[in-house]
Amino acid sequence: MSGQDRQTITGRGQAGLLAGLACWAVLAQPLAGQQLFDQTGRPTSSAMTGAPLATSSGEAALAPAAPALQDTILGDRTPGSAPLETVAPDADITLPARPAEGAAEDAATVLADSMELQGDRTLIAAGGVVVWYQGARLVASRLVVDGESGALTIEGPVHLSRPGAADPEAEAVLIADSAQLDRQLQDGIIRGARLVIARELQLAAEELTRSGEGRFTRLTRVVASSCQVCASDPTPLWEIRARSITHDAETRLLTLERPQLRAFGLPIASAPFTITAPDPTVERRTGFLRPEIRTTSGLGFGIKAPYFVTLGDQADLTLTPYLSASRTSTLELRYRRAWRSGVTEWNGAVSRDDIRPGETRGYLFGNALVDLPRDYRLGVQLQLASDRGYLLDYDITEADRLWSGLTLERITRDRLVFGRVGNYHSLRDDEDNATSPAQVADVLWQRRFSPRLIGGEGVMEWSVHAHRRPSDEDEVGRDVARGSVGLDWRRSEILPGGLVGAAIAGLDADLYRIAQDDRYDDVVSRVDPLVGVELRWPLAGSAGGATHLVEPVAQLLWSPRGEDDDIPNEDGRLIEFDEGNLFSDNRFPGWDARETGLRANVGVSWTRIDPAGWSLGLTGGRVLRAREDRVFAAGSPLAGRRSDWLLAAHYDSGTGLAVANRALFDDSFRVSRNELRLGWLRPDLQLSAGHLWIDSDADEGRPQDTSELTATLGWQIAEGWWGNAETRYDFAADRAQRASLDVTYRNECVTVEMGVSRRFTRADEVRPETSLDLSVRLGGFGSQKDGPGTVARRSCLR
């Protein structure tokens, strides 16, 4: 719809709510792909900076249907805004001066079974007539050309593509019984006509008139539908009848005069005025988007009616009123803009509801990414919310910690520069923002190099960190600043017998400034050197056509013993022990705590690659220490002189099924941690599931055992039907945390999406909630993205 026509609808609100909703459902074009692009038409960066750094792209190998895993430099687990995507702008269409092959005066090419010239003035072509002229193609059974006027009389069946079309098969095509056209095959009168647009929307009329040198096509007493119509069952699932429909080939808009919507042949809504809608080739156009009906236990029955505004090729604005029967009045806002060197998106909403009577609630999330000279990238993020309950009540995000600030990064082949400064705000009931680190700043610089004298590969690192708690009380208001420098070096050599030996050395130095905590000195320094050796023996063999790879590894490391009791550990409390860091010199995720003493990392890996395409791998190992390292808590899998055993296995079928399991257990086979992940990706099935078990550990903030199941399932229920189910269950608490089921039906002319979800979260500001969603989109008006699964298509059997 154009902006002018929408003002007409608003001014005639007495037409009724049913008519208005039906018009929205029929004519609301989607924001195709919901994407932006820059001024040059080149895609800009597709990922936005999160907090603190952009997430990785691509799917998790073991969870193809799950969200992509994060890959951040500083893993503080704060949420980032949704990634932005960009596309090339719409192609400009100009009629009739579109470049065509050959000059305008070039003669047409005619192919027919027979051709006859009468009186040197009239040409008659009959039998399989095909005419090519200035980019147009005409197919007919008989053609009569008046040599004096140049008029064409055409007998059908007639098939005509628009002159100058960029893709004649994908754009508008005319099919008719007979026609009278000018010599350019553009303007004229066509009888018994059908206009097919992008092979999707069909318009049938008694008479069709073309004018404006082929730009305008007007159909009178017309029926429009994107459903398949069969001779045995001529009634489509839905259709629109109108006095006339005019198609503008340049703006790609349809103007409908007094349209009436019918379903199964029965009228259900009508509009006594003119409506404008986009044709199926339009990706972005100002107008209403598809409405959505949403019912929740907290907000009641409601409807969302988003209105999309294009602000040129570089920006757009979406306003979404959300009204419920008596419980909420909400206005949602989304603004997006892209330019040659950057992209930004801002989402927000403001509400008045009876969940908190008399209060104005809302949120604002903003995100921007800007490319700077010398490959630097600047990220800006703003996250504000009136309360955590608002984010959950309105299904915005489940985030319970918000981060706002700036990031700067530059990544090259041998250098990394990263910096951030910002503020954290916790929405958790058990966290006090006055005693939690709020203002945080980090700077990290790394360089990889190859020393000339000793060879090998080295990494130099400088880092600065500072965080501040708003509280001025001693201990709970502790503020910390740290400056660190690190140097790592490694050189590998191939030894006799196929052994691979490596020498390892490193040096880390830190300087701390600790304030508002009498338990620690104001200034603390620390220096930790590291030396070590490593020995690997990679072996390969084959048996029965399968390839076997075996690699035992032994690594011996030493650094001076230290307790680090004079430094508070605030960034290294959650310790991971897996096959990725089995042979690491330090398994703490941050800088405040480090492994020390004499220790050995030992392990072996085995992989079998079958000629049928599947593979199986096992990795096992543990850490041995000369003396117990008290930096680890007593219940940690790395505590004591001998760590827990690590055993990891993975299986890849080569046909979409992947299974991985990782377990930690002691010498008596008591399992302390176990993680099982399953992914299965097929055209008709997308499964991602995982179970996590971790025993309790007060030092890591787990007063009780953790046992959780997370699963996401998408499957082809039947032709055209696709289902999505998701659940998260806490076995330790014996309750579900979240469950949802969504079902989508798609055929050639309609898409119906419906879903039900239940959130079981309960807190001071949050209560459990059940929501129902429903939306319907009629095909043929604006383009839309393809969804998973198949599309049910009606076939006409003779």
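Trainee: In E42, which residue is the bridge partner of Tyr745?
Mentor: Val752. Keep in mind that this is a predicted model.

Trainee: How do E41 and E42 pair, parallel or antiparallel?
Mentor: Antiparallel, over 9 bridges. E42 covers residues 750-759. The two strands form a hairpin, with 3 residues between them.

Trainee: And on the E40 side, how many bridges are there between E40 and E41?
Mentor: There are 10, again in the antiparallel sense. E40 runs over residues 721-730 and E41 over residues 735-746.

Trainee: How many residues sit between E40 and E41 in their hairpin?
Mentor: 4 residues. Look at Asp734 in that turn: its phi is positive, about 55°.

Trainee: New topic. How many salt bridges does a search of the whole structure find?
Mentor: It finds 52. Take Asp387 and Arg361 as one of them, with the closest N and O atoms 2.8 Å apart.

Trainee: Where do those two lie?
Mentor: Asp387 is in the loop between strand E23 and helix H3, and Arg361 is in strand E22, so the pair ties together parts 26 residues apart in sequence.

Trainee: Are they buried or exposed?
Mentor: Both Asp387 and Arg361 are buried.

Trainee: Back to E42. What does Arg759 form a salt bridge with?
Mentor: Glu769, at 3.5 Å between the closest N and O atoms. Arg759 lies in strand E42 and Glu769 in strand E43, so this pair ties together parts 10 residues apart in sequence. Arg759 has a relative accessible area of 4%, so it is buried. Glu769 is buried as well, at 6%.

Trainee: Which residues are linked with these in a network of salt bridges?
Mentor: The network links Asp353, Arg356, Glu359, Arg361, Asp387, Asp393, Arg759 and Glu769.

Trainee: What about Asp667 and Arg642?
Mentor: Their side chains meet in a salt bridge, 3.7 Å from N to O. Asp667 is in the loop between E36 and E37, and Arg642 is in the loop between E34 and E35, 25 residues apart. Asp667 is partly exposed, with a relative accessible area of 46%. Arg642 is at 51%, so it counts as exposed.

Trainee: Last one. Where does negative charge gather on the surface?
Mentor: In a patch that includes Asp472, Glu473, Asp518 and Asp565. Asp518 is found in the loop between strands E29 and E30. Its relative accessible area is 68%, so Asp518 is exposed.

Technical notes: Residues numbered from 1 in each chain as written. Predicted model: local features only at pLDDT ≥ 70, side-chain atom pairs only at ≥ 80, totals over all residues. Heavy atoms only, no water. Patch = residues over 30% accessible without salt bridge, like charges linked within 9 Å, V, L, I, M, F, W, Y side chains within 5 Å. Areas by Shrake-Rupley, 256 points an atom, 1.4 Å probe, with all protein chains shown as cover. Salt bridge = Lys/Arg side-chain N within 4 Å of Asp/Glu carboxyl O. Lys, Arg positive; Asp, Glu negative; His and termini not counted. Charge placed at Lys NZ, Arg CZ, Asp CG, Glu CD. Buried < 20%, exposed > 50% of the residue type's maximum accessible area, 1.4 Å probe, protein only. Pairing = 2+ DSSP bridges.
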